[in-house]
Amino acid sequence: MEEKELCKGVFIKANLPAVICLVFAIMSWAEYIQQSGSRYSASDELMMYEIFGFIFSILTVLFFVWMSGCSITVTNKRVYGVGAFRRRIDLPFDMISSVGNGFFNSISVASSSGRIHFWFVKNKDEVFSSISNCLLERQNQVVSPSIATKGNSSDADELKKFKDLLDSGAITQEEFDAKKKQLLGL
């Protein structure tokens, strides 16, 4: 079966946290410059504006790196893209254990190696439902063959399974004998 793209995440272009931090950084630096030109400013107050300007500048860069370049694509076989801090992912549906959504239009995809978050996804409901539907479809495909083979198994196959359990020590001789009598109709 050929891989087919089901949906692609559309991310909000404006990196909102970075923009907010940038505004606060500019305000802090502007206040620092304005106060440093005044003869009556206290050095503690100047230091506070300088510290706030520095902190918000660092946060601006951090949020920009955190959010830029994010992408998520859902196909009929896998989920791939780039998460926060440019972390590349490529997860086949066999590896995905769950999917969730949350605040700030976020999608989170969980696997045995951890949870990967995608923030500010405009079409998060579409992405969420695509992943959920593929997970349910995969689950139905895995369950169906085991149900079909269970109905066709013979008493001899069942007896062999119980003999293997007896040999491995999982059941006792009495339990094996009881099951053997039940299967053979004795």
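At 22% relative accessibility, Glu158 is partly exposed (buried is under 20% relative accessible area, exposed over 50%, partly exposed in between, with a 1.4 Å probe and protein chains only). The model is predicted, so local features need pLDDT of at least 70 and side-chain atom pairs count only at pLDDT 80 or more, while totals for chains, interfaces and linings use all residues. Residues are numbered from 1 along each chain as its sequence is written, and side-chain values use heavy atoms, leaving out hydrogens and water.

Glu158 forms a salt bridge with Lys161, at 3.8 Å from N to O (a salt bridge is a side-chain nitrogen of Lys or Arg within 4 Å of a carboxyl oxygen of Asp or Glu). Lys161 is also partly exposed, at a relative accessible area of 48%. Helices (H or I, at least four residues) and strands (E, at least two) are DSSP runs, numbered from the N terminus.

A second pair in helix H4 is Asp167 and Lys163, which are four residues apart and so again separated by about one helical turn. Their closest N and O atoms are 3.1 Å apart, in a salt bridge. Asp167 is exposed, with a relative accessible area of 55%, whereas Lys163 is partly exposed at 37%.

## Salt bridges elsewhere

The whole structure has five salt bridges. One of them joins the side chains of Arg78 and Glu3, with an N to O distance of 2.6 Å.

## Nonpolar surface patch

Met47, Met48, Ile51, Phe52, Phe54, Ile55 and Ile58 make a nonpolar surface patch of about 650 Å². Patches are made of residues with over 30% relative accessible area and no salt bridge; like charges are joined within 9 Å, and nonpolar side chains (Val, Leu, Ile, Met, Phe, Trp, Tyr) within 5 Å. Accessible areas come from the Shrake-Rupley method with a 1.4 Å probe, and for residues only the protein chains shown count as cover.

Met47 lies in helix H2 (residues 43-67). With a relative accessible area of 46%, Met47 is partly exposed.

## Cysteines

The structure holds zero disulfides (a disulfide is a pair of cysteine sulfur atoms within 2.5 Å). Cys7 is in no disulfide, and the nearest cysteine sulfur, that of Cys134, is 8.6 Å away. Cys7 is buried, at 4% relative accessibility. Cys70 is buried too, at 12%.

## Largest pocket

The largest pocket has a volume of about 240 Å³. It is lined by 13 residues, of which Asn76, Phe93, Cys134, Glu137 and Gln141 are the closest to its centre. Helix H3 (residues 124-152) gives the largest share of this lining, five residues.

On a 1 Å grid over the protein atoms alone, a pocket is an open set of points where a 1.4 Å probe fits, with protein on both sides within 12 Å along at least five of seven lines; lining residues have an atom within 4 Å of a point. Grid points are joined across faces, edges and corners, and the volume is the space filled by probe spheres set on the points.
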